[in-house]
Amino acid sequence: MSNNTAKIGPGSQVYLHLAVYLEDGTEVLSSFGDEPMRFRIGDGTLAPGFESLLIDLEPGADEQMLADGSALFGAHDAGLVHRLPLSDLPEGFAPEPGQVIQFQTPGGQETAGTVLSADLTEVEIDFNHPLAHRGLRIRAQVLDVL
């Protein structure tokens, strides 16, 4: 860590550890015990709502914050809930409510969808961010800000 006392702000280069936990304590993501994350505020690495939690933190900060997933990843959009033919899923795959499945968009990007329901012919998938409807605990340990 440098002796830099800069605070995180728009365009800051940030070097930190980050962890995300569900309300029940389940770890969803963590860089602790691995390489720290290195990114620039506003570069798209984190959702804007997520970045807003980091603004004004300084090197040496080790903060835990509670957040509503919709504030970090966007409010629920009913237009992102779709019914798909079961035949669109991999052969032999048995969808269960709550499962998160990776899909490839026509543009070649991956996106996650959460199974809401399934019957013998169709599956209902919610393409809103899987954490958007969850209460979250965030831990950020800021190593450096440039």
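**Strand pairing, salt bridges and a buried aspartate**

The chain comprises two helices and nine strands. The model is a predicted one. From the N terminus, the order of elements is β-β-β-α-β-α-β-β-β-β-β. Along the principal axes, the C-alpha atoms occupy a box of roughly 60 × 35 × 30 Å. Of the 146 residues in the chain, 36% are buried. Among contacts with a separation of 6 or more, 63% involve residues 24 or more positions apart.

Strand E1 spans residues 13–22. Nine of its 10 residues are buried, so the strand is mostly covered under the 20% limit on relative accessible area. E1 has bridges to E3, E9 and E2. With strand E9 (residues 135–145), E1 pairs in the antiparallel sense over nine bridges. In this pairing Val14 stands opposite Val145. Strand E3 (residues 37–40) is joined to E1 by four bridges, and the two run antiparallel. Here Gln13 faces Arg40 as its opposite residue. Strand E2 (residues 27–30) also runs antiparallel to E1, with three bridges between them. Ser30 in E2 is the bridge partner of Ala19. E1 and E2 form a hairpin, with four residues between the strands. Gly25 lies in the turn and has a positive phi of about 95 degrees.

Four strands make an open sheet in the order E5-E8-E7-E6, with antiparallel pairing. Its edges are strand E5 (81–85) and strand E6 (100–104), each of which pairs on one side only. Neighbouring strands of this sheet are turned against each other by 45 degrees on average, direction ignored. E5 and E8 run antiparallel and are joined by five bridges. Within this pairing, Leu84 stands opposite Val123 of E8.

The structure holds four salt bridges. One of them joins Arg139 and Asp62, with the closest N and O atoms 2.8 Å apart. Arg139 belongs to strand E9 and Asp62 to strand E4 (residues 62–68), so the pair ties together parts that are 77 residues apart in sequence. Both partners are partly exposed: Arg139 has a relative accessibility of 22%, and Asp62 one of 36%.

The side chains of Glu122 and Arg83 meet at 2.8 Å, N to O. This pair links distant parts of the chain, with Glu122 in strand E8 and Arg83 in strand E5, 39 residues apart. Glu122 is partly exposed at a relative accessible area of 30%. Arg83 is likewise partly exposed, at 39%. A salt bridge of 4.0 Å, N to O, joins Arg83 to Glu124. Because Arg83 lies in strand E5 and Glu124 in strand E8, this pair ties together parts that are 41 residues apart in sequence. Glu124 counts as partly exposed, with a relative accessibility of 23%. Through shared partners, salt bridges join Arg83, Asp119, Glu122 and Glu124 into one network.

Asp126 presents another case. Asp126 is found in strand E8, which covers residues 122–126. The residue is buried yet has no salt bridge. Side chains of opposite charge can pair when their charged atoms come close. For Asp126, the nearest side chain of opposite charge is Arg134, 11 Å away. A salt bridge requires a separation within 4 Å. The side chain of Asp126 instead makes a polar contact of 2.7 Å with the side chain of Asn128. Beyond its neighbours within four places in sequence, Asp126 is in contact with His76, Leu80, Val81, Ala112, Gly113, Thr114 and Leu116.

Asn128 lies in the loop between E8 and E9. Its relative accessibility is 7%, so Asn128 counts as buried. Besides the contact with Asp126, a polar atom of the Asn128 side chain lies 2.9 Å from the backbone nitrogen of Asp77. Not counting residues up to four places away in sequence, Asn128 touches Ala75, His76, Asp77, Leu80, Val81 and Ala112.

Methods. Residues are numbered from 1 along each chain as its sequence is written. This is a predicted model: local features need pLDDT of at least 70, side-chain atom pairs count only at pLDDT 80 or more; totals for chains, interfaces and linings use all residues. Side-chain values use heavy atoms; hydrogens and water are left out. Buried means under 20% relative accessible area, exposed over 50%, partly exposed in between (1.4 Å probe, protein chains only). Lys and Arg count as positive and Asp and Glu as negative; His and the chain ends are not counted. A polar contact is a pair of N or O atoms within 3.5 Å; within protein, one must be able to donate a hydrogen and the other to accept it, and residues adjacent in sequence count only if both atoms are side-chain atoms. Contact means heavy atoms within 4.5 Å. Two strands pair if DSSP finds at least two bridges between them. Axes are lines fitted to C-alpha atoms, for helices over the stretch in contact, and angles run from 0 to 180 degrees between N-to-C directions.
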